[in-house]
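Dear colleague,

Please read them with the coordinates open beside you.

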Amino acid sequence: MTQATPDNNTAPLPRLGHYQLQQCIGRGGMGLVYRARDTRLEREVAIKCLRTELFEAHYIERFKREALLLAKLNHPNIVQIYDFIEEPEQLALVMELVDGQNLHTYLREHIVPIAQRLQWLAQISEGLAVAHDAGIIHRDLKTENILINKRGQAKITDLGIAKSQDFKGTLTDHVAGSYCSMSPEQALGEAITFKSDLFSLGILAYQLLCGAHPFGDTSNKLQTMQRIISHPPTSPQQHNPDLPAEFIDLLGQLLSKDPEKRPDNTHWVAAQFEKLKELSWRDDSLSDDTQALAMPVAALNKPVRTQDHPTFETRFVAANKMQPASRGQRIKNYLRENKISAGVGLCSILIIAAVAVWQLSLKQLPSEQTAADETTETNTPSEPYSQAREFNKGLEALKVYDRPGSLEDAEKSFNTILYHTPNNAAAVAGLSLVYSYRFRGDSEDPIWMQKADASAQQALQLNSQLALAHVALGQLLTFKSMYDKALAAFEQALKFEPTNVFAWRGKVLALHSAQRYDEAIQLAQQGLKQFPQERFFADELGGIYIAQNNYKKAEDAFRLSIQLQPDAVISYAYLSWALTYQNRSDEALQVLQQGLQIRSSEQLQGNLGNALFLRGDYVGAAAAFEAAVSPSKGNPNSHLAWANLADTLRWIPGRELEAQKAYQKARDLLTPLLERRAEDVTLISRMALYQARLNDHAQAKPMLERVIALAPKSANVHFRAGLAYELLGERDAAIAALTKAVELGYPLKLIQAEPDLLDLRRASGSF
């Protein structure tokens, strides 16, 4: 670890085992770094201690992971780990002490020859190659995480968010890393391989060779990531006109938007930097010690076309026609005259991944020339750009957000607007709505919530009188269960635009979610009159009526929804549910088949499985539930679909082990949801049932008692509680809960169709 300014606290520091802490030399997002003395081996070391306020499972796991990953690596260009200390109230990594500075600071304080910069790049690449050979992806490679010791040697550090990976597969994870050094696929939260590190290495190399970030000013996180994802990097020669074609070609490969077009081997990249270092020693202009610095175009006055590379945008720069000296000497003179240090332009903002991730995920934008095209030809669009047309396309796609591909279409339209007008408040608000809908449709991944929050706040900052910005905020607050604040936001939106359909929709949803059913019904009915073609209001009415056990009215509402939009398969799924609860199973099956003729979905397949299960067709039900959890026909992240599959597999001979694994999958998927929605009675009752299925009495029983107290009038909650009690051997409690469920309107036929309640019904003579 690098040495830094000593801490002002002069109190004696404690010992950790045989290590005597001397002074705090660094602070990070997770830990404090101390210079220490190893009293056994009599050497100086660096000790990174996890901050005590972060003693939570997530941070402890991440801290331990860093130790395990470092222990796999032994290379002179990677900071070495010596020991790991684990005590009841302390976790610490004992590491090699690197006396020096991080690369970011070093470049700001020193003039560095181009050959030395290339030597560092070769060293960094070799260290990175060793990590890649071990199956480790760094994920946060940047100048701040490169240490330069007093011998001028570069060392990679900070593997806190690194991941181990089998290179036969890919790694998908939450977005992590620093916003100005991420690859496009990493910023989008997509699957990454070691080639993501190569893109980050390309950014670092560009900074070292050009003294600037390849995507411009990095002070605005949203715009920086928008450019990284969708814009070609600035031509290196715009900043450093002396770079030869070999340099530009290597940078172009590393910075390709398409991972497949980046180099296939990190050792090869290191070898290329070594070759370029030799080239720099032979080239007089390149050996100039101030070569790698961006020069303002105004400082030169002869227009010259840059050497093109398909990765980079094509620009014109100027060359000084008055100077007979070499280009390297001209740049050196310019630096001296203007007293500019060689560190100008380097990304200088440190930010932890949890904050950086707020505004990162922007899809590919259209542009005149993008890296994805890998061509120097200008693409001719099929129709001229129109902001109004793109905005309307985005809004129309949002209206049918539950249709496959609609959110992607909406995001593309809003990003197209932002490409042409980066500070368009309406487009930013539209993106916030996209992210909010993805949050609800993607197992409530908090990453989408963070992005929605960041975009809503930015939209309000850009235009506080824009109705859609207040709608975006209201939608976000609704999904956070902050209903009063959400309703206030929707009221503000309606004040600015009384006929904004998204404000109407949002207000109905907030009232429904807050269980203010009478108000929600009244407003939804008004919405149908105000917007007679909007099926959303019919769907909301149907959902409210089901919550009130009024299945006939729910049926009417969902039939109206289908009439308004015949290809809305979710309405077919809900309609089948309403019919099933009315003991009209044949009609329910017919409706499901109608929906499946349009397209498959988790809800349709799940309801089909339930219908077949009630008929005793367990093999057919299992096939439907397997489709419900498949990526192509359903949703593999649905805990309910996995639980339904498990319920069915139990009754098929020879598939009991698969059933237990499916229950475990359901429990694992539900756990993070329940952590975020600790008061959700539906989730609590389902988790209690899953725990009962897994024979975990200690976890299930207190949850059952709690959920019945929280929802004494919920028929569904009492049914799940009754079934769970029976599985746990608590028959009296099971009978009481099931009796209450029937009193509250739970269909008797569904209780009679549950195989696990057969013994209870026979023994009690009830139901």
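Glu658 is partly exposed in this predicted model, its relative accessible area being 39%, and its side chain meets that of Arg655 in a salt bridge with an N to O distance of 3.0 Å. Because the cut-off between a side-chain nitrogen of Lys or Arg and a carboxyl oxygen of Asp or Glu is 4 Å, this contact is one of the 39 salt bridges that the rule gives.

A second pair lies in helix α21, which covers residues 551-564: Asp556 forms a salt bridge with Lys552, and the closest N and O atoms are 2.9 Å apart. Since the two residues stand 4 residues apart in that helix, about one helical turn separates Asp556 from Lys552. Both ends of the pair are partly exposed, with a relative accessibility of 40% for Asp556 and of 44% for Lys552.

Helix α31, residues 731-743, holds a further pair, Lys740 and Glu743, which are 3 residues apart and therefore separated by about one helical turn. Their side chains meet in a salt bridge at 4.0 Å from N to O. Here Lys740 is partly exposed, with a relative accessible area of 32%, whereas Glu743, at 58% relative accessibility, counts as exposed. Elsewhere, salt bridges with shared partners join five residues into one network, namely Asp647, Arg650, Arg693, Glu754 and Asp756.

Note on methods: Residues numbered from 1 in each chain as written. Predicted model: local features only at pLDDT ≥ 70, side-chain atom pairs only at ≥ 80, totals over all residues. Heavy atoms only, no water. Buried < 20%, exposed > 50% of the residue type's maximum accessible area, 1.4 Å probe, protein only.
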